[in-house]
Amino acid sequence: MTESKRVVLDCRKHPNSKCSVTIAGTEAEVLEIGEYHAASKHGYAKGPELRKELQSFLKEESLVR
Ligand SMILES: [Zn+2]
């Protein structure tokens, strides 16, 4: 358990999004939940392309405060 730093995915940062959801956790957790959220709430197709896009929106939690 070396990698426990948390990252934040802020849905408001996405240009096409009007939702205010923020997801925080480890990168793997955030990508998993973010993928589900983007697919179920925003109509994106799940897959590596979506994860890559989500990854570009991740911010380290310590930098968000
Ligand atoms: Zn959203």
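Which residues in helix 1 meet which residues in helix 2? Select Leu31, Gly34, Glu35 and Ala38 in helix 1, then Leu50, Arg51, Leu54 and Gln55 in helix 2: these meet, contact being C-beta atoms, placed from the backbone, within 7 Å. The residues of this contact divide into four nonpolar, two polar and two charged, where Ala, Val, Leu, Ile, Met, Phe, Trp, Tyr, Cys and Pro count as nonpolar, Asp, Glu, Lys and Arg as charged, and the others, Gly among them, as polar.

Before going on, note that this is a predicted model, in which local features need pLDDT of at least 70, side-chain atom pairs count only at pLDDT 80 or more, and totals for chains, interfaces and linings use all residues. Residues are numbered from 1 along each chain as its sequence is written.

Next, select residues 27–42, which form helix 1; helices are DSSP runs (H or I, at least four residues) and strands are E runs of at least two, numbered from the N terminus. Color Val30, Leu31, Gly34 and Ala38, which are buried (20 or more other C-beta atoms within 10 Å of the residue's own; exposed means 12 or fewer, partly exposed in between, with C-beta atoms placed from the backbone). Looking down the axis of helix 1, you will find its buried residues within an arc of 95 degrees, so they line one face; the arc is taken from the directions from helix axis to C-beta atoms. Now turn to the other side, where Ala28, Tyr36 and Ser40 are exposed.

To see what covers the buried residues, show strand 1 (7–10), strand 2 (22–25), helix 2 (48–55) and strand 3 (58–60), which are among the covering elements.

Finish at Gly43, which follows helix 1 and has a positive phi, near 75 degrees.

Definitions and conventions:
Two residues are in contact if their C-beta atoms, placed from the backbone, lie within 7 Å.
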